[in-house]
Amino acid sequence: MVDIRLASEVPLFDIVADSTEPKHLVTPGSLITKETGFMRGHGTYMQDDCLYASVAGVVERVNQLISVRPLKSRYHGEIGDVVIGRITEVSQKRWKLDTNARLDSVLLLQSVNLPGGELRRRSAEDELSMRQYLKEGDLVSAEVQNIFNDGALSLHTRSMKYGKLSQGCLVKVSPSLIRRQKTHFHNLPCGASIIMGNNGFVWICPTLHEDVAGGFVQNLETVPHADRQAISRLRNCVTALAQCKMMIYDTSIMHAYDASINAGFEIKDLLLPDKITEIALMVRKQFEMEKE
Amino acid sequence: MSIAPQLLRGPSLMAEILLSEAEKAFIHHGDDLRCDGRTRLDYRPIILETGLVSNASGSSRLRLANSDVLVGVKVELASPLSEKPLEGRLEFFVDCSANATPEFEGRGGEDLANEICRFLQMSYMSGDTINLSELSVLAGQQCWVLYVDILILECGGNLYDTVSLAVKSALYTTQIPSIKVATMDGDQPELELSEDPYDTKRLNTQNVPCLVTLMKIGNHYLVDPTPEEECCSSSGVVVAVSGSKKITAVRKIGSGSLHPESLVSMLKTASEVGAVVNKILMKKLLEEETAGKTQKVGFMR
């Protein structure tokens, strides 16, 4: 019922990390180089002919360009990325979404599918009934169509697989842990579906069926118990991988899920710090075995 | 179950986080299986450490999932209250750091801090919790006052519980210097503080209360709600349960209403959960004490 541990008993999460050579880590204000002739990239600034870092991260050098890649930052959008966003505002002909980026992303009315798949110009009536489709708090899966001048992302849901999300569980992780893959929508064999947004939002829900009309239909019936168990276990596995800073993609999640089932952990055990490190170590061992 | 509570209605704790209707439905339909696999009466993992602040008489840091609280206790001599000449007293002060959550920026955290402070004061008022006469030095003239300073470093839901457990741990480790009353020099008695810094006494914190928050979702109530679950619920109670399973204070939170029958069963559940939490916490504190002087982990993790 209650698990209280002393701080000295809790294992460090970085025992899971690779013990490779430490890269050139810098903190804000530390000197990168005194040499001139380098081009200044993101995360750096010039002062008195010397190059300093402005964020905490790893120094990356590509020929003459020096930049610092931050260890923890907001989502930086690219065109074609799959993101999951939460509606924060309904404005004229557009919705504003929170996607863990520096600015709220924009979903234009003309970028969503109308019910029934009609193709027509959006009328004033459509504008007035925007809130009936998406209102504040709703979760949407979308793709980045365009990037505005100020850096805000313009999204679209012009495909049957994108749209409003129904029942499920959202997990927020750092965007740098999500690997760019061919597809971000996976129907996992354990009875749940997972959508890994590039912005760090991972959506876990009961298995999505192909015939469900994407976007408008919301299923509010009770989810069966077995599915709920799968969703909870997956949620804890994703959180465990994120805490140990391991890359999150369908293979690593399934390895973690299988490892937790084989080790006989209960779903709520996966919240404990020592079980988290055990799972992460098992996943790493599984990857090493697969490499051979 | 004997109750000596003082009921107080209060506003909702946490800022509203946005959730979609479907997500709320998903949380409502959970049948003793919450989103993270816990049952309705399970707490998230708690990490505890005492003795971090070296210039305080007692201190502790408690982390409950994302909620992080640091408590320091300082003891000082002062004159007792005129209506209670044979007792010392406890003074609570809560500071919601602006780092904890964006809502605490500027004076945003003041209301919450005052609420927690007042409820703690109420919970400790009952005579069953802590024996304040142990803090008396000279009847009617001098007594120990324990200033309990609570700093909320990070806010991840369920602050009342985290704060109460941290305060209990800090009080457990508080060392009160031994004091001797020297001969009366005319009217003024001379108080002599012991030379030895290790010559201290400790309070009996066996019955110090722990707060248990129960939020009502649908027909059931949850212990230790996450911010998402708090958003789905409209009402709940915070119950102060002492070590001897007695309820010393109750407070209703949220804007929804509670049926009297549900209130009674919630109080019963809270006293059972509170007793378990108290027992496990005391066991861990004793373990830490007997382990002796180990390397302090502190904040470098």
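UniProt positions are given here in the numbering of this structure, with feature names shortened, and the annotations may be inferred rather than shown by experiment.

**Setting up**

I noted that this is a predicted model, where local features need pLDDT of at least 70 and side-chain atom pairs count only at pLDDT 80 or more, while totals for chains, interfaces and linings use all residues. Residues are numbered from 1 along each chain as its sequence is written, chains are lettered from A and ligands numbered from 1 in the order in which they are written, and side-chain values use heavy atoms, with hydrogens and water left out.

**Chain A as a whole**

I began with chain A and found five helices and 18 strands. Helices (H or I, at least four residues) and strands (E, at least two) are DSSP runs, numbered from the N terminus. The C-alpha trace of chain A spans about 60 × 55 × 40 Å along its principal axes.

Next I looked up burial: 47% of the 292 residues of chain A count as buried. Buried means under 20% relative accessible area, exposed over 50%, and partly exposed in between (1.4 Å probe, protein chains only). The accessible surface of chain A is about 15600 Å², and 50% of that belongs to carbon and sulfur atoms. Those areas come from the Shrake-Rupley method with a 1.4 Å probe; for residues, only the protein chains shown count as cover.

I also checked contacts (heavy atoms within 4.5 Å). Among those in chain A between residues at least 6 apart in sequence, 62% join residues at least 24 apart.

**Domains from the record**

UniProt's unreviewed entry puts "domain: Exosome complex component N-terminal" at residues 25-62 of chain A. That span is 0% helix and 55% strand, with its end C-alpha atoms 16 Å apart.

For "domain: K Homology", the unreviewed UniProt entry gives residues 168-207 of chain A. Here I read 0% helix and 48% strand, and the end C-alpha atoms lie 10 Å apart.

In chain B, the unreviewed UniProt entry lists "domain: Exoribonuclease phosphorolytic" at residues 43-177 and 207-272. Residues 43-177 of chain B are 21% helix and 37% strand, with end C-alpha atoms 36 Å apart. Residues 207-272 of chain B are 29% helix and 39% strand, with end C-alpha atoms 14 Å apart.

**A patch on the surface**

I found a nonpolar surface patch of about 280 Å² made by A:Met39, A:Val62 and A:Leu65. Patches are made of residues with over 30% relative accessible area and no salt bridge; like charges are joined within 9 Å, and nonpolar side chains (Val, Leu, Ile, Met, Phe, Trp, Tyr) within 5 Å. A:Val62 lies in strand S7 (residues 57-62) of chain A. A:Val62 counts as exposed because its relative accessible area is 54%.

**Where A meets B**

The size of an interface is often given as the accessible area lost when the parts come together. Between chain A and chain B the buried area is about 3400 Å², with 65% from carbon and sulfur atoms. On the chain A side, A:Met1, A:Ile4 and A:Arg228 lose the most area to chain B, together 23% of what that side buries. Buried area is the accessible area (1.4 Å probe) that two parts lose on being put together, summed over both. I also noted that 43 residues of chain A are in contact with 38 residues of chain B.

**Salt bridges**

A salt bridge is a side-chain nitrogen of Lys or Arg within 4 Å of a carboxyl oxygen of Asp or Glu.

How far apart are the closest N and O atoms of B:Lys284 and A:Glu9? They are 3.2 Å apart, in a salt bridge. This pair crosses from helix H5 (residues 260-291) of chain B to the loop between strand S1 (4-6) and strand S2 (25-26) of chain A. B:Lys284 is buried, at 10% relative accessible area, and A:Glu9 is partly exposed, at 38%.

Another salt bridge pairs B:Glu23 with A:Arg86 (2.9 Å, N to O).

B:Asp224 is in the loop between strand S13 (220-223) and helix H4 (227-232), and B:Arg38 in the loop between H1 and strand S2 (46-50), so the pair ties together parts 186 residues apart in sequence. Both B:Asp224 and B:Arg38 are buried.

Last entry: A:Asp3, A:Arg5, A:Asp274 and A:Lys275 are joined into one network by salt bridges that share partners.
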